[in-house]
Structures are given as C-alpha cells and as structure tokens.
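Trainee: I am new to this structure and would like to go through it with you. Could we begin with the terms we shall need?

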Amino acid sequence: MNTLKGRDFLGLTDLSASDIQELLDKATKLKNAQWNPRCNKVLGLLFYKASTRTRVSFSVAMYQIGGQVIDLNPNVTQVGRGEPVVDTARVLDRYLDILAIRTFEQKQLETFAEYAQIPIINALTDWEHPCQTLADLLTIQECFGTLAGLTLTYVGDGNNVAHSLMLGCALMGMNVRVATPPAYQPDSAICELALKTAASRTEVMVTDDPVAAAKEAHIIYTDVWASMGQEASAEERIPIFQPYQVNQQLLDHADPSVIVLHCLPAHRGEEITDEVIEGSRSRVWDQAENRLHAQKALLVSLLGVE
C-alpha cells in the first residue's frame, strides 16, 4: 500500500522509518528494472539556486515514468519580479501535479506547502537537503545490505546536508557522528531533534574531533566547506577546516569496510583528497546515480502511481 500519496516532503521528519524503507525498496526495484510505473503527470522545478544533480535527476526521473517537466526559472517567471509566494503557490497548484523547490529559506518552502494542495518537495534549502539523504541511505543499504547498527561519520561544515543526515540516520537506527570546527556545528534544534528521534537506541555525537568521530565508522561523509551563498567566506574557511579533510589518514581510523560518500560538487584537495574520492573506498558515483532512483521512487509515491 502506498502511504505517501499526496503528502509533502519538506524534511526527513515528514517520513517515518517505514516510509523511508518503502521508498528505498521502491528505488531498488526501479533501479533493477523490476517495476515500470507510468504516469501522465507534470513536475514543476522552481530552483532559486544552481543545480546539476538535483535538476537533472528529477527531470530524467519524471521523463522515465512518462511524465513532463517544466523548468520554472525564477529569472524568467513573475516570481522573480516580486510576485508574492502565496499567489504563485495557488496558481501553480492549478497547473502542476507536483512541485520541487530549491531555495534558501525553509519558511518559503513551508508557505508553498500551505497554499498549494499538490505535493511539495524540498529539493534543497539552507535548513535541509532531504532528497540527498534518501540517495545516501540507498547507497549505504546497497553496500552493507542493511542500515540498522551502522555508524556514519560526517566531517566538515554543519550544514543542510549534515542536518538531513543526522535526522535520516536517527530514523533508520544508525549511529551518526558529526565532526566540525566549534563555530560551525549543526543547528542546536536539529541536534535536539536527532537525539529525540534516536531515543537512546543509537548514538548521536557532535564533536570537534574528527579522529574520534571516524573511529570504527562504516561510512565517512563530507561536503564542501562553503555552501552556496557562502562563497565570500570560502578562502577564510580553508585553514579552519583543514584538520577536517577526508584523507587516507582519517580513513585509517575507520572500520576496514568503510565507504566514502560526498554529495558533490567536490573541491578536491580541500574537503577531500583526490586519492580518496578516486580510491577503492569511494562510492561517490554510485551515490550520485542513486539520486535518480531515490527521487523516482519519491515521485511515484507522492503522485500515487502504481
């Protein structure tokens, strides 16, 4: 039974553990060509931020299930000229079947969800990147055959990717450790929510010690040190974050079966070395491919396609 039809996906806690597992199971079937759902629906992409993987994977996913995609570039639509979000949301609700939004403030996403009846998908905000985490969990499940009991260590900036990983791991019974410089830790509200979600079943650690965080970890994960909109501070961040680079020395502290993930784009030589991202432990390209399969599963589920 499809439990997700008609729902919004604004963040990881919009889903239960069983919802996530349902999506991962569907994604696996879609990836292995064991299921071929078809629909005649229209997906809108309203992206206020640059995108490669999210834009292309959503577009290809929708085309592959027989739907259409409209790119609602803010620069060429009225929303870019100051049309109120509430008006845009109510109009797009009359035209589209589903809408994915990439923007800055989570509040804008929530306003769209309030005023539109169609499903709204968080394609990235400054608060969360939940679609990325779905692909990450799919990749981890493929590598280890399970999620429960594994330890994921995220090293770098406590940003939107770190937020979604903390919540996703806590939901799925994984230990999650986040190692950041003291001034760049995840938001305290996310930390509290992850702890509440884990409910003492699994470990949620936030530390400034990357070596302690990496000890016996099954997954080492990193992201750029300066996210979109933070480019002006990129140079000054480099010396602060240098001890948090994912390199072979850090991997030596992890479990022998460790895999390395990066949501891309990568700044090689900064947050990750060329040796590691191209090495035998890297699953970065599988992870990127899985954006397509995880998002296809999300689309068919929210649209109620059988």
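Mentor: Helices here are DSSP runs of H or I with at least four residues, strands are runs of E with at least two, and both are numbered from the N terminus. Please keep in mind that this is a predicted model.

Trainee: What is the volume of the largest pocket?

Mentor: The volume of the largest pocket is about 510 Å³. Its lining consists of 29 residues, and those closest to the centre are Val224, Ser227, Met228, Leu264 and Pro265.

Trainee: Which helices each supply at least two residues of that lining?

Mentor: They are α2 (53–64), α6 (160–171) and α9 (234–241). The largest share, three residues, is from α9.

Trainee: And how many of the lining residues are nonpolar, polar or charged?

Mentor: The lining has 12 nonpolar, nine charged and eight polar residues.

Trainee: Turning to helix α4, which of its residues are buried?

Mentor: In α4, residues 106–115, the buried ones are Gln106, Gln108, Leu109, Thr111, Phe112 and Ala113. Among the elements that cover them are β1 (42–47), α3 (85–95), β3 (98–102) and β4 (120–122).

Trainee: How many residues does the largest nonpolar core have?

Mentor: That core has 63 residues, and Ile20, Leu43, Phe58, Ile121, Ile140, Leu152 and Met174 have the most contacts inside it. Another core, of 18 residues, lies apart from it and includes Val155, Ala217, Ile220 and Ile272.

Trainee: What is Ile121 in contact with, beyond its neighbours within four places in sequence?

Mentor: The contacts of Ile121 include Phe9, Phe58, Ile98, Cys131 and Leu302. Leu109, one of the buried residues of α4, is also in contact with Ile121.

Notes. Residues are numbered from 1 along each chain as its sequence is written. This is a predicted model: local features need pLDDT of at least 70, side-chain atom pairs count only at pLDDT 80 or more; totals for chains, interfaces and linings use all residues. Side-chain values use heavy atoms; hydrogens and water are left out. On a 1 Å grid over the protein atoms alone, a cavity is a set of points where a 1.4 Å probe fits but cannot get out, and a pocket is an open set with protein on both sides within 12 Å along at least five of seven lines; lining residues have an atom within 4 Å of a point. Grid points are joined across faces, edges and corners, and a volume is the space filled by probe spheres set on the points. Ala, Val, Leu, Ile, Met, Phe, Trp, Tyr, Cys and Pro count as nonpolar, Asp, Glu, Lys and Arg as charged, and the others, Gly among them, as polar. Buried means under 20% relative accessible area, exposed over 50%, partly exposed in between (1.4 Å probe, protein chains only). Contact means heavy atoms within 4.5 Å. A nonpolar core is a set of buried Ala, Val, Leu, Ile, Met, Phe, Trp, Tyr and Cys residues joined through side-chain atoms within 4.5 Å.
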